[in-house]
Amino acid sequence: MSLRLQAQNLACERDDRWLFRGLDLDIRAGEIVRVEGPNGSGKTTLLKILSGQLADYEGELFWDERPMREARDAFLSNLLYMGHAPGIKAALTPLENLTWYQAMAGQSQDEASRYAALEDVGLAGFEDLPAGQLSAGQQRRVALARLVLTPRPLWVLDEPFTAIDRDGVAALEQRLFAHARRGGCVLVTTHHELTPCAELRRIRLGGGGLDAGN
Amino acid sequence: MPGTEGLLSEEAPVTFHGEPGGGLAVAFWATLKRDLVLLLRRRSEVMNPLVFFAIVITLFPIGISPDPQLLAAIAPGLLWVAALLAALLSLDSLFRADYDDGSLEQLLLTPQPLAVLALAKVTVHWLLTGLPLALMAPLLGIMLALPAGSYGVLAISLALGSASLSLIGAIGAALTVGLSRGGVLLSLLVLPLYIPVLIFGAGAVQAAIFGDGVMAHLAILGALLALALILAPLAIAASLRISING
Amino acid sequence: MWAFINKLRSPKWFYTISARLQPWFWAAALILIVVGTVWGLAFAPADYQQGNSFRIIYVHVPAAFLAQSIFVSMAISAVVFMVWKIKICDMAAAMMAPLGAAMTFIALFSGAVWGMPTWGTWWMWDARLTSMLILLFLYLGVIALRGAFTSRDSASRAASVLAMVGVINIPIIKYSVDWWYTLHQPATFTITGRAAMPLEMWLPLLIMVLGFYSFFIALTLTRTRSEILRREANKRWVRELAEEAP
């Protein structure tokens, strides 16, 4: 078992427009891959394809050197995906939100770990407030608590820095680098400029995908 | 190279997971419980279909005639049609909130069969819409001078039938959740598919009034429910995957 | 079978083949419908009960046949599209839906016109007319759902799922409506059991039915061809085709 996500000759056509084509990717443990490109260049679509949400693509995907169609369940149990929307229920408290995520991840229901995860993202004292009463940045932090709560090797994060304050951004950046150093892998889109480091790799999309590649 | 203080404990290497082993029951119950809690915190959403049901039933004597004999003759059909519309009313919100706040895509990405998790959501819809409507129907039956002896059958047929309605309706809700104005379209898609349930549901109450075999109707309602239980979750799952791509 | 499905993947192949096929179907449709109409209206004997008004079956029955068959073909196309991702099938399904709705409407309209001399009223809640009306709603639902999406890919998939759900429900709806309306005429026309009608009456009817089917195939081919050109307008082979044309 090793962390390896490959894409061969990946192409995506949306309503007669090629978002990208001929994209080859090989993402391994210990990497932070930042997907870059102007608005509408297919960053989110690429992340959705690479996280197994969109089946509407050409080319082949491999997880752990097995075709994605066969390895889908194994892949999903190693994946943590966060989209544009944080996936937090406003009527539930942060603790209740995390309870659901913990159950969906097939983990034992452990309240102490949920408290610890919330404290880790700076939400100590907000555990029992309905999430709807928290600020947008705090709601995003509740979602980010999943990174601590449900350990998964592959993180796919679509604009995770949205609405987070400066301290939070620094902490999250640290968290991403730490995850890569521990042998995890991060696939991320962001407008925030990440501190350059050895683990960071860039993929550029844009211009109808004709210059796609890395 | 240890990071900042909070990260020290996380320096252990990441662990990999093989094929997911079980956990489906846990995920099913967690989803069921979460949706129940959510709906019970927004009680007006649970009450609205019931109030709608009562208001629609009030309209008929006003629009037609207060004559008890006339009302009694059409009461089974009226009660069933009004309950059916009330159940339809709340369907649009079944997946809408999850779609808007992003938890729907998280639901799609759990390593569990989506059809089963969708079934948990539909179960909640039935528990908080279909079942209360069924329990409330005999009360409104009294107001429509429904003949004695058919009240139990009315409640049972509605409880059984509304489960099918929730399942079939959820397909429509899943297909239209990505559309900004899905409400009317949802009714257009779903109502024709409701007709068999309506026929046997209202038929069961009629049969009870005339003293015919009620069991045949209820058995067919049960068969329709069994069929819907097998097929609808698959269609709902497929539809949700389409909508999330929209 | 496999070779055929793989060939269907190429719109260009379909475009070439259908160019050769469509004149034959148009010719067959024209000849059969003209022969059937003249024979049915002028030469077939009048019904001893209904007189000349029965002649409307030469439109009503083929339209009703086609209304159901088109929904089934639409659902089959939808399955092929969803399983093998063959876009031609989706284009064909998209083109079939309005034609199916039109045929259903013709069947309903002719049924109503036939109803006037037969029942003395334009509309009766007769089992077959009621089923046909529900079928029309199913068609309208599929058409409306396809139109509601901004992304054509999502529209195609959503309409396909609804067509499949609909085709599973059609027999259920039909049987429950028959149960609901147990006093209906036996089916007028079946290919195997033709005892009810003399040869001179049903032979022109058979010709009309075949003519309608040819018309359906011809029209679907032609419309799918223009849909291919529309959807593939920026593909190279279409551009080359446009340049070759005088």
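Modeller: Let us begin with chain B of this predicted model, in which there are 9 helices and 0 strands.

Colleague: What makes the order of elements in chain B read as it does from the N terminus on?

Modeller: Read from the N terminus on, the elements of chain B run α-α-α-α-α-α-α-α-α, and the C-alpha trace of this chain spans about 85 × 35 × 30 Å along its principal axes.

Colleague: What makes a residue of chain B count as buried, and what percentage of the chain is buried?

Modeller: A residue is called buried if 20 or more other C-beta atoms lie within 10 Å of its own, and buried residues make up 49% of the 246 residues in chain B.

Colleague: Turning to chain A, why are S3 and S9 of chain A said to pair?

Modeller: Pairing requires at least two bridges between two strands, and strand S3 (residues 32-36) of chain A is joined to S9(A) over 5 bridges in the parallel sense, so the two strands meet the requirement. Within this pair, A:Val33 has A:Arg201 of S9(A) as its bridge partner.

Colleague: Which strands make up the open sheet of chain A, and in what order?

Modeller: The order is S6-S7-S8-S3-S9 in chain A, with parallel pairing. Strand S6 (79-82) and strand S9 (200-204) of chain A are called edge strands because each pairs on one side only.

Colleague: How are neighbouring strands of this sheet turned against each other?

Modeller: On average they are turned by 15°, with direction ignored.

Conventions:
Residues are numbered from 1 along each chain as its sequence is written. Chains are lettered from A and ligands numbered from 1 in the order in which they are written. This is a predicted model: local features need pLDDT of at least 70, side-chain atom pairs count only at pLDDT 80 or more; totals for chains, interfaces and linings use all residues. Helices (H or I, at least four residues) and strands (E, at least two) are DSSP runs, numbered from the N terminus. Axes are lines fitted to C-alpha atoms, for helices over the stretch in contact, and angles run from 0 to 180 degrees between N-to-C directions. A residue is buried if 20 or more other C-beta atoms lie within 10 Å of its own, exposed if 12 or fewer, and partly exposed in between; C-beta atoms are placed from the backbone.
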